[in-house]
Amino acid sequence: LLMKTLLDNGHLHGDCITVTGRTIAENLKNVKWNPHQDVVRPADKPITVTGGVVGLKGNLAPEGAIVKVAGMANLKFSGPARCFDREEDAFEAVKKKTYREGEVIVIRYEGPRGGPGMREMLSTTAALTGQGMGGKIALITDGRFSGATRGFCIGHVGPEAAVGGPIALLRDGDIIEIDAVIGTLNVKLTDAELAQRKTEWRPRATNHTSGALWKYAQQVGPAVAGAVTHPGGAHEKLCYADI
């Protein structure tokens, strides 16, 4: 049913051959829309135009970031940054309620290289929601979130802090502006100010100085490219299936 409405509204290549030996369009030819269900909506009548997640870009996330907007009423937020270099430190501040309403909590050095491994920030967001602060603060990170996250939470900010991305250059009090309507994530700093801070930036020391996690951190690429530890199939000179 889902494939049928996607095909009918031009979102699938119906001429692609499938394992049945027939095309997608041929496979779906006899599928009829069921108007007596409310599980799958017609593709031309979505609940929201953007879907459940929105991509953001700006001077704080040149490579992009992701925010889950499903169930959110307010899609804009602006406030001063409150910076943490580990999830544990942010969680401690939330547990002790040493943050302030209206702040943008920044958890950095949790990306693919910095984590290493792009940890999930669920515990901190869960604690904020439990304190009734889900809509009163925002949270951004170069780490990731799961579908259980609630509130204005932005993940996958890139470039990550471990490679000197703009998120690494933030200081407490910097004003961060988030707009999930037009898809922007910016900090109110000029290019010159960010460039000056970059000259003063030094990477955070890591506890993983040997072993598999160290090796992973040396090889992993950015989240926007899949956080993989190889250049990708486009760089292959040989197809091993043909050898």
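Leaving out neighbours within four places in sequence, Asp174 is in contact with Gly79, Pro80, Ala81, Leu169, Val187, Leu189 and Arg197. The model is predicted. Asp174 sits in the loop between S6 and strand S7 (175-179), and one of its contacts, Ala81, stands opposite Val104 in S4.

**Asp174 and its polar contacts**

- Asp174 has a relative accessibility of 10%; the cut-off for buried is under 20%, so Asp174 counts as buried.
- The side chain of Asp174 makes a polar contact of 2.6 Å with the side chain of Arg197.
- A polar atom of the Asp174 side chain also lies 2.8 Å from the backbone nitrogen of Arg171.

- Strand S4 covers residues 104-107, and both of its faces are covered.
- Strand S3 (residues 76-84) pairs with S4 in the parallel sense, over four bridges.
- In the pairing of S3 with S4, Ala81 is the residue opposite Val104.
- S4 also pairs with strand S5 (residues 138-141), again in the parallel sense and over four bridges.
- Here Ile105 stands opposite Leu139 in S5.
- Together with helix H4 (residues 122-130), S4 and S5 form a β-α-β unit that is right-handed.

**The aromatic pair**

- One aromatic pair is found in a search of the whole structure.
- The ring centres of Phe77 and Phe152 are 6.3 Å apart and the ring planes meet at 75°, so the pair is edge-to-face.
- Phe77 belongs to strand S3 and Phe152 to strand S6 (residues 152-158), so the pair ties together parts that are 75 residues apart in sequence.
- Phe77 is buried, with a relative accessible area of 11%.
- Phe152 is buried as well, at 5% relative accessibility.

**Asp89 in helix H3**

- Asp89 is part of helix H3 (residues 87-95).
- The relative accessible area of Asp89 is 33%, so this residue is classed as partly exposed.
- Asp89 and Thr124 are 35 residues apart along the chain, and their C-alpha atoms are separated by 9.8 Å.

Notes: Residues numbered from 1 in each chain as written. Predicted model: local features only at pLDDT ≥ 70, side-chain atom pairs only at ≥ 80, totals over all residues. Heavy atoms only, no water. Buried < 20%, exposed > 50% of the residue type's maximum accessible area, 1.4 Å probe, protein only. Helix = DSSP H or I, 4+ residues; strand = E, 2+ residues; numbered from the N terminus. Pairing = 2+ DSSP bridges. Right-handed = clockwise from strand over helix to strand, strands pointing away. Phe/Tyr/Trp six-rings, centres within 6.5 Å; stacked < 30°, edge-to-face > 60°. Polar contact = N/O pair within 3.5 Å; in protein donor to acceptor, adjacent residues only side chain to side chain. Contact = heavy atoms within 4.5 Å.
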